[in-house]
Amino acid sequence: MTRTEGEKKPARVVVADDQTVVREGIVMLLGLLPGVEVVGAAGDGEEAVRLVGELAPDVVLMDLRMPRCDGVEATRRIRSQYPGTQVVVLTTFADDESLFPALRAGARGYLTKDAGGDEIVRAVESVLSGDAGLSPSVQRRLLERLSQPEPEPTPAAAESPDGLTARETEVLVLIAEGLNNQEIARKLHVSTATVKTHINNLFAKTGLKDRAQAVRYAYAKGLVWPPGK
């Protein structure tokens with residue numbers, strides 16, 4: 001939803017954070033600020049989605065690292081099931097691995113927990129007006145990312161064999177190029193744990209048992225070419 005200049009009703013907000021002290025502190029802070037009414041508080045993503053369904057708030061202030069259902073998945077569900085509710089991420093983390101999945105999931109705002117009350121209110125008002133509510137540091141990070149050159153296409157873009165997803169194929173190609181898990185994680189802007197998950201999945205689908213077999217497989221399938229080709 002968007003708001004016009006003439007509307008004076010306070011924004012109805014749900015706060016989602018698994019740390020009780022932090023959650024109660026945010027609720028208390030917002031209670032002292034004009035233009036915001038806290039209508040609910042959730043201790044994890046599952047509860048946040050449920051409260052949105054029950055209370056139909058205007059905005060959810062969403063932490064990312066939570067049990068049962070993390071903030072990214074909760075954001076995705078909320079934006080899919082309750083598109084009238086906007087999400088502003090309020091988290092400790094401003095790294096690529098946290099920022100971009102949250103924005104892709106549908107978050108319209110992204111703040112770190114060192115944000116002051118006024119900054120939180122501005123972000124809430126911005127997303128309700130149809131704008132983005134991003135902290136200055138997040139805006140800089142987005143600009144830096146957008147200014148980076150696009151990676152060169154690889155043969156993997158043509159077709160993925162054996163039911164591999166595009167990302168699993170991309171990981172396979174990088175393995176064949178000699179990158180270790182940490183290097184793959186940096187190149188793809190994901191965690192090493194995510195890389196390991198992709199490797200386990202692609203090994204299961206292809207029947208591969210180690211990286212040496214993966215390299216031979218990538219060449220056999222035409223996903224990479226020998227030097228000079």
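His198 touches Arg167, Glu168 and Val171, leaving out residues up to four places away in sequence; contact here means heavy atoms within 4.5 Å. The model is predicted, so local features need pLDDT of at least 70 and side-chain atom pairs count only at pLDDT 80 or more, while totals for chains, interfaces and linings use all residues. Residues are numbered from 1 along each chain as its sequence is written, and side-chain values use heavy atoms, with hydrogens and water left out.

**Overall make-up**

- The protein has ten helices and six strands; these are DSSP runs numbered from the N terminus, with helices (H or I) of at least four residues and strands (E) of at least two.
- Of its 229 residues, 43% count as buried, where buried means under 20% relative accessible area, exposed over 50%, and partly exposed in between (1.4 Å probe, protein chains only).
- Among contacts between residues at least 6 apart in sequence, 60% join residues at least 24 apart.

**The sheet**

- Six strands make an open sheet with parallel pairing, in the order S2-S1-S3-S4-S5-S6; two strands pair if DSSP finds at least two bridges between them.
- Strand S2 (36–42) and strand S6 (133–134) are at the edges with a single partner strand each, so one side of each has no neighbour in the sheet.
- Six bridges join S1 and S2 in the parallel sense.
- Arg12 stands opposite Glu37 in S2.

**Helices on the sheet**

- H1 lies across S1, S2, strand S3 (59–62) and strand S4 (86–91), and runs at about 165 degrees to S2.
- Angles run from 0 to 180 degrees between N-to-C directions, and axes are lines fitted to C-alpha atoms, for helices over the stretch in contact.
- Helix H2 (residues 45–55) also packs on the sheet, where it touches S1, S2 and S3, and its direction makes about 135 degrees with that of S2.

**Helices against helices**

- Two packed helices are described by the angle between their axes and the distance between the axes.
- Helix H7 (residues 166–176) packs against H8 at an angle of about 130 degrees, with the axes 10 Å apart.
- H7 and H8 are therefore oblique to each other; angles under 35 degrees count as roughly parallel, over 145 as roughly antiparallel, 65 to 115 as roughly perpendicular and the rest as oblique.
- Arg167, Glu170, Val171, Leu174 and Ile175 of H7 make this contact with Ile184, Lys187 and Leu188 of H8.
- By class, the residues of the H7 and H8 contact are five nonpolar, no polar and three charged; Ala, Val, Leu, Ile, Met, Phe, Trp, Tyr, Cys and Pro count as nonpolar, Asp, Glu, Lys and Arg as charged, and the others, Gly among them, as polar.
- Helix H8 (residues 181–188) also packs with helix H9 (residues 192–206), at about 105 degrees and with axes 8 Å apart.
- H8 and H9 are therefore roughly perpendicular to each other.
- This contact uses Asn181, Gln182, Ile184 and Ala185 of H8 and Thr192, Val195, Lys196 and Ile199 of H9.
- Four nonpolar, three polar and one charged residues make up the contact of H8 with H9.

**Two buried residues**

- His198 is in helix H9 and counts as buried, at 16% relative accessibility.
- Asp17 is in the loop between strand S1 (11–16) and helix H1 (20–31).
- Asp17 is buried, with a relative accessible area of 1%.
- Apart from neighbours within four places in sequence, Asp17 is in contact with Val22, Arg23, Ala42, Gly43, Asp63, Met66 and Lys113.
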